[in-house]
Amino acid sequence: MAPGVARERESPEMEIFHLLRAVAVEYGLRQAEFAAEHGMHVTDVRALICLLDAERAGIDATAGLLGAGLGLNSAGTTGVVDRLERLGLVSRVRDVKDRRRVLLRVEDRAKELGWSYFGPLIDSTVGVLSGFDERHMAAVRLFLQTALDALTTEDP
């Protein structure tokens, strides 16, 4: 900014948007550090998150689901799964309901690695949220969900 030029005060909405962006950037940096420490690419970390989210939601994780979640084609998805499998973090297992289908399972080792690194961050964030009343929690949830919806809509 040029000397002597007054800076306009940001609106509260823009301040919150910039805070959200800063959180996303910091979290991305932590993911990159974790990936580097464990011989992974940051896309591998995103893949683990995608697979863990599917597991938590009770959704069968397939290569197709993972590729869609990461925005990768079939070859790219296979490369990610191969790397994670070589590291002992993911395994391919036959679906017991449909033996033609292969499911992806996150191994306990991956969960332990992730928790050892991200656990303190998760604990401190949950600790902050536990001090919020129901109204504040609802507001945070609504904001984050609508922000996520805005990012994931087909036609922004």
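Start by selecting Arg101. Arg101 has a relative accessible area of 31%, so this residue counts as partly exposed. One note before going on: the model is predicted.

**Stop 1: Asp60 and Arg101**

Which residue does Asp60 pair with here? Arg101 is the partner, in a salt bridge whose closest N and O atoms are 2.5 Å apart. Now trace the chain between the two. Asp60 sits in the loop between H2 and H3, and Arg101 in the loop between S1 and S2. The pair links distant parts of the chain, 41 residues apart. Color Asp60 by accessibility. Asp60 is partly exposed because its relative accessibility, 30%, falls between the 20% and 50% limits.

**Stop 2: Asp60 and Lys97**

Bring Lys97 back. Lys97 also forms a salt bridge with Asp60, and here the closest N and O atoms are 3.7 Å apart. Where do the two residues lie? Lys97 is in the loop between strand S1 (90–94) and strand S2 (102–106), while Asp60 is in the loop between H2 and helix H3 (63–70). Is Lys97 buried or exposed? Lys97 is exposed, because its relative accessibility is 68% and the cut-off is over 50%.

**Stop 3: Glu55 and Lys111**

Next, select Glu55 and Lys111. They form a salt bridge, with the closest N and O atoms 2.8 Å apart. Glu55 belongs to helix H2 (residues 42–57) and Lys111 to helix H5 (residues 108–130), so the pair ties together parts 56 residues apart in sequence. Glu55 counts as partly exposed, at 40% relative accessibility. Lys111 is partly exposed too, at 30%.

Why do such pairs occur? Side chains of opposite charge can pair when their charged atoms come close. How many salt bridges are there in this model? The count comes to twelve.

**Stop 4: a nonpolar patch**

Leave the charges and switch to a surface view. Select Ile16, Phe143 and Leu144. These residues form a nonpolar patch on the surface, with about 260 Å² of accessible area together. Zoom in on Phe143. Phe143 lies in helix H6 (residues 134–152). At 35% relative accessibility, Phe143 counts as partly exposed.

Key: Residues are numbered from 1 along each chain as its sequence is written. This is a predicted model: local features need pLDDT of at least 70, side-chain atom pairs count only at pLDDT 80 or more; totals for chains, interfaces and linings use all residues. Side-chain values use heavy atoms; hydrogens and water are left out. Patches are made of residues with over 30% relative accessible area and no salt bridge: like charges are joined within 9 Å, nonpolar side chains (Val, Leu, Ile, Met, Phe, Trp, Tyr) within 5 Å. Accessible areas come from the Shrake-Rupley method with a 1.4 Å probe; for residues, only the protein chains shown count as cover. A salt bridge is a side-chain nitrogen of Lys or Arg within 4 Å of a carboxyl oxygen of Asp or Glu. Helices (H or I, at least four residues) and strands (E, at least two) are DSSP runs, numbered from the N terminus. Buried means under 20% relative accessible area, exposed over 50%, partly exposed in between (1.4 Å probe, protein chains only).
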